[in-house]
Amino acid sequence: MLKGIYLTLMVGPAVPVAVPQTVLDALTSIEVTTASGAASGFSLTFTLSNRSPLQTIFLLSGGAAIPLLRVVIVVTVNGRTEVLMDGVIQHTQIAPGKDSQHSTLTVMGKDLTELMDYGLLSNPPGTPYPAMPAEARVALLIAKYAVFGIIPKVIPSVLIDVPIPTDLIPRQQGTDLEYIQSLAREVGYVFYLQPGPTPGVSFAYWGPEIKVGEPQPALNINMDLFTNVESLNFSFNGNGKVLPIVLVQNKETKFPIPIPIPDITPLNPPLGAITPLPNKLEFIEGPAKLSLVRAAAIGLAKAAQSADAVTGTGSLDVSRYGHILRSRQLVGVRGAGTAFDGLYYVKSVTHSIKRGEYKQQFELSRNGLVSTVQQVAV
């Protein structure tokens, strides 16, 4: 097995190709951020000669009318290849370097959801979708981006609500991205792009925020030689939890019926055994005239937002951890004490790569104290 950490950078219009060695030699740092329920972003920093043609190339492409200069960032750790980013350049900037002969070029961008937010590629506002549930509309919108290697991964909602055309014909509001995100919020789902498993391919995930599955190798703290993180701190907020109350209007009597919504679902099980009680009720305005199905979905999404009472932040060196910590998945924690050991959901990860160095900053969350499992994967 190939040991060590290796970087592959691919750049190109629409179809990226591996950059020449001169570009890699000029590359000084990479930063990639992925987070739950949000678009991923990246930043590339180059140190260039003032006469380097790369300055002109990146500046011209970064200022193009259509942001189609694509960037794919791939890392290989101990023989395992991971695609960190598949995105497009949004902005470039140049600053003076350490001497008069060099400059620092910074290239910034987002993942391919940026294309879905681009007006010329989106369906026009008001596009009708008669008798189509939300998941069918999402799959139809994502399908047209297949030319960019985007594959739909749409999970049908258990709370299916198909509007009857004689009552309502849904119409698109905003860009493709804005409409897809609004449909996700209506049923308590999230939407994001997951690059890989091969360069040039991304999965467009529209579905529930899944907090089950096989956890990643444990993060160890205060365990002497077994410690594999540089820092890890936890905080507990027992006063932020709310109990959403959805008011559903009875069509015959017009009387509102209050329905409390819990924050626990089969795909969002409790990761902490001791959870704080809600310290206030929050009545959700708006869904009174909606169906019971849609109102329940809105309540579930609101309940999940305030459920995480425990937050952990830290950093690690990938060389010592031996793996790449991925966001939107579970990970175990050991050595933090009875209250904070156990499984966590990785909310966000920032990859910071320099020559000879690969570090990650991360944020963890779960709904309460004390682990619900006896042991975690090493």
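Start by selecting Asp224, which sits in the loop between strand S11 (216-220) and strand S12 (231-236). Helices (H or I, at least four residues) and strands (E, at least two) are DSSP runs, numbered from the N terminus. Asp224 is not a glycine, yet its phi is positive, at about 55°. Is Asp224 buried or exposed? With 69% relative accessibility, Asp224 counts as exposed. Here, buried means under 20% relative accessible area, exposed over 50%, and partly exposed in between (1.4 Å probe, protein chains only).

A word on what is on your screen: this is a predicted model, in which local features need pLDDT of at least 70 and side-chain atom pairs count only at pLDDT 80 or more, while totals for chains, interfaces and linings use all residues. Residues are numbered from 1 along each chain as its sequence is written, and side-chain values use heavy atoms, with hydrogens and water left out.

Next, select Ala131, in the loop between helix H3 (113-116) and helix H4 (134-143). Ala131 also has a positive phi, near 55°, in a residue other than glycine. Ala131 is partly exposed, with a relative accessible area of 41%.

Now move to helix H5 (residues 176-186), and colour its buried residues: Asp176, Leu177, Tyr179, Ile180, Ser182, Leu183 and Ala184. An α-helix has 3.6 residues a turn, so residues three or four places apart point the same way. What covers the buried residues of H5? The cover includes H3, H4, S9 and S10. Just after H5, click on Gly188, where phi is positive at about 75°.

From there, go on to Pro197, in the loop between strand S9 (190-195) and strand S10 (202-207). Look at the peptide bond from Gly196 to Pro197: this bond is cis, with omega near 15°.

Ser348 is buried, with a relative accessible area of 17%. Which residues is Ser348 in contact with, leaving aside its neighbours within four places in sequence? They are Thr34, Ala35, Ser327, Gln361, Phe362 and Glu363, where contact means heavy atoms within 4.5 Å.

Finally, zoom out to the whole chain. You will find 7 helices and 21 strands, and 46% of the 378 residues count as buried. Of the contacts in the chain with a separation of 6 or more, 69% come from residues 24 or more positions apart.
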